[in-house]
Structure formats: structure tokens, C-alpha cells
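Good morning, colleagues. Please bring up the sequence and the structure, and we shall go through them together.

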Amino acid sequence: MARRYDSSTTTFSPEGRLHQVEYAIEAINNAGTCVGILASDGIIMASERRVNSPLLAPAKVSEKTYKISGHVTTCVAGLTADANILIEEARLSAGRYFHKYQCPMPVEQLVEHVCNYKQAYTQYGGLRPFGVAFLFGGWDSEYGFQLYQSDPSGNYSGWKATCIGANNQAGKSLLKNEYNKDEEGLPNLETALKLAVKVLNKTMDAAATSGDKFELYSMKLDKATGLCVHHILTKEEAQKVLDAVAAESASAGDE
Amino acid sequence: MDSVFALRYDGGVIIAADQANARSILVYQNNLDKIIPLSSHTMMGMSGPNSDLVNFSDFIRANVKLYELMNNGATLTTDAQANFVRGTLATALRKGPYQVNLLLGGFDVADKKAGLYYMDYMASMHPVNFGVQGYASNFCLSIFDRDWKEGLTQEEGVKIVEKCINELQTRFLVAQPNFIIKVVDEKGVRTLSFGEDPADV
């Protein structure tokens, strides 16, 4: 039944579904996992670094984490080529806003702009949707730190913690159980980092043995300058987090 | 011939403007309000031909309103609005310039700061503590230079503005019997006094 209504992006099926959009969302489930966690003092976005062949030259820049502007960063899951187009659009959008108003674009407005761009490919032109899902982490003066997820349909939502890419359901269920289960308010960055690693351990095929299988990104606010501080953990820093998580899970069984 | 001047005090901005609408030797109207509110907490005192004054201010006001409608009521800060206005002047400059000189004042409720921006028709802009547009600058800048200080109250600010009005009415060749004074503070934009009621008769 779906076969007759799934070739064109701009056709609803009799059940009221857009199959091409759904297929695009499926394509992302083959991509490397990304976890995003909102903390009280920042945002963590952790990604799986997939190396498909030992012959591949080491990446010069990240293949998962991209800076959109001084105050917004994104993590990508899906077709890299598609992602590049959308990242360019997001950067232009943020840049144009700053040029017009001389102040940083509010995070949700930026996310909505990118999503409206994606939505057009589900309604006009007969072009296929973008096979990319994003996690947007950003800060603005009105709402502070925010985490958003968007998918090929052009829908987006705000999250305290979420997961995209391979095994994201397993990741999400772990987050549901473990995110801030004991306290009020949000966890701090250190706790969020350890939780992110725990989630990636679960979603990846084998628990990561070294820090270079992950990419751990953190965003903080420098109170003195009012600027966001972006940091991708070095191999040594990442290893420390891995060791801390391994130690915690080893002793967890003792209680 | 318009006189527009403004000062920033602790907690807000006061803008004053004469109320004449004139071209060459003819006065069309004596109750014109040249201080246009842009949003709930910003206003713009303008000088220039009435056509540009109305056209430009309508355009800016509509765009500020559009932003609020498009973004679930989110407001632009005074600084963002000022840069938007300057950008509009700059883009039009080498096509068909808006012949308006203005003083944009506003109060940001979120961080409790007052801001005043001086802009001219060539799209130059600078934040200032006080400003004067037109011939009035020859008479009023020295008063502001002498009397303005950080941490003024609204009453002290109004007194300085009244001093400027007095000076113009004494020494300026062009008679300007009517001035309108507006203030913007935490509570928003409101009129303090006017010479002739701007409401259409």
C-alpha cells in the first residue's frame, strides 16, 4: 500500500503519512549516535566517532560537532553532505541576524529558521528531504542554555536530554532513568559528561576503550566576558571521564 | 529648523522636541508630535522633512512590531532597535537617503538599563549621555555639558531639559513656542508635557 504513495515527498498516503520524510528519519538511524544533555551551567553534546576503515586519513576537523555562531553549536547525525548545506544555512542565518541587530540571534529563532528551510523540502519542488538530524546547543540572554533536536520533517523540540542516531531508543530510555533522578533542578556539567559517556557506552557496539572513539563537547558561559566557551575534550581529558564512569559502574554493583 | 534634544538619566531617557511643522517661511501646523514610540519601551525623536519623518518612522515601527509578532512576543533591546534603524538608514543612503536626524532612547526592563543613541541621516550612530539635533545644538550642548552628570534623577533631568527650552525661546531666532517632552522608563513611554495637544483636532 505504501509503495504507491512513497515515491513523492509531496504526496500524503491514505493514512495521512509522508513516507519520504519517514524514510529520511530512518536513514539517520544508521548514523553515529549523538547525545545532548542540558546542565545547570552549560551543555554537553557527545558523539560517536565512527571510523569505517583504517585506511581513512585522520579527520582534520570534527565530523559531528560544528560551531554555528559564538553562542550556538550543533551536533549532526546522518548524511554529512546534506548536513553541510544546512550548517551553512544556519551560519548564514545567525550571521545575518547579527549584522542586522548587532546582537546574537535567540537560539530558538535560529533553530526555527533551519527547520523552516527543511520543511520546504517536504512540501514543494519534488526534491527529497535532508537526511540529517541535529542537536542544537546554545545560549541566549533571555532563556539561558537551551538544547533542541530537529529532524528531516522540519519539526523541532526543546529537551533536557536526548539522543539521535544509531540505537537512540536505548539511549533515550537510559536517559529517562538516569537523568537527574535524585535531585531538583539540573545536573552540573561534570555529572552530565559522565552520563553522556554512559549513554554512548550503551548505544555503541562495544564499550569504548579509549577516548578517541568519542567526541565530547561542552559549552559554558564565561561570566566575565559574557561569551560562550566551546571546548572539545582532549584525549587525556576524555580518558579521565571514561575512567570515572568505569569506576562508578564497577562500584555500583556493591550497593 | 527642528529642535530635538535628549538626555539619559538614572532609570530612563527624556526626549524633547519642538512642535512646529513648517517648510521655508510657512508653518503648516503647531501641534506636531515628533517623538515617535517604536515599542513599549523605546521612542525616537526625529528632525527632518515631515514626509521622511512619517515614512521612516512608520517603517521602523511596523518592523519592530512584526518582530514581536513573529517571535511570540519577544522584544528587541534598545541597542538592537538602534542598530536596525541605523542599518536601514545605511542601506538607503546610496539609493534614496532618508533625510532624518534622530535621537533614539529606550529602557531595557530585563537588565534595567537606559540607552540613548544619536543618529544622523548619513547613518552614523553613537550611544550618548545626551544629544541635540539641529540649530538647537548651538544653544543646548553647552547646557548639557555643564549640567549633565551620571546618576541624575528624572526631576533633575526634566529641569535641565526645561533650561534648554528656555534658552531656545530666549536666544534662537526662530520662535518655537511649543515643545513636547516625553520620558521612557521602567513603566514605558509617556508624555510629560506639551505646548499644544498633538491629538488631531
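This is a predicted model: local features need pLDDT of at least 70, side-chain atom pairs count only at pLDDT 80 or more; totals for chains, interfaces and linings use all residues.

Let me begin with chain A. Its secondary structure comes to six helices and ten strands. Along the principal axes, the C-alpha trace of chain A spans about 55 × 45 × 45 Å. How does the radius of gyration of chain A stand against that of a compact globule? For 255 residues, such a globule would have a radius of gyration near 18 Å, and chain A has 19 Å, so the two agree. As for burial, 46% of the 255 residues of chain A count as buried. Turning to contacts in chain A between residues at least 6 apart in sequence, 63% of them join residues at least 24 apart.

I now move to chain B and to strand β11, which comprises residues 179-185. Is this strand mostly covered or mostly open? Strand β11(B) is mostly covered, as seven of its seven residues are buried. In a regular strand, side chains alternate between the two faces of the sheet. For β11(B), one side carries F179(B), I181(B), V183(B) and D185(B), while the other carries I180(B), K182(B) and V184(B). Both of these faces are covered.

Which strands pair with β11(B)? One is strand β2 of chain B, residues 12-18, which runs antiparallel to β11(B) and is joined to it by seven bridges. In this pairing, I15(B) stands opposite K182(B). Another is strand β12 of chain B, residues 188-193, also antiparallel to β11(B), with five bridges between them. Here V184(B) stands opposite V189(B).

Finally, I come to the second largest pocket, which has a volume of about 660 Å³. Its lining is made up of 23 residues. Which of them lie nearest the centre of the pocket? They are R49(A), R50(A), V51(A), A59(A) and E63(A). Strand β4 of chain A, residues 72-78, gives the most to this lining, with three residues. By residue class, the lining of the second largest pocket divides into nine nonpolar, five polar and nine charged residues.

That concludes my presentation, and I thank you for your attention.

Note on methods: Residues are numbered from 1 along each chain as its sequence is written. Chains are lettered from A and ligands numbered from 1 in the order in which they are written. Side-chain values use heavy atoms; hydrogens and water are left out. On a 1 Å grid over the protein atoms alone, a cavity is a set of points where a 1.4 Å probe fits but cannot get out, and a pocket is an open set with protein on both sides within 12 Å along at least five of seven lines; lining residues have an atom within 4 Å of a point. Grid points are joined across faces, edges and corners, and a volume is the space filled by probe spheres set on the points. Helices (H or I, at least four residues) and strands (E, at least two) are DSSP runs, numbered from the N terminus. Ala, Val, Leu, Ile, Met, Phe, Trp, Tyr, Cys and Pro count as nonpolar, Asp, Glu, Lys and Arg as charged, and the others, Gly among them, as polar. Buried means under 20% relative accessible area, exposed over 50%, partly exposed in between (1.4 Å probe, protein chains only). Two strands pair if DSSP finds at least two bridges between them. The radius of gyration is taken over C-alpha atoms; the globule rule is 2.2 Å times the number of residues to the power 0.38. Contact means heavy atoms within 4.5 Å.
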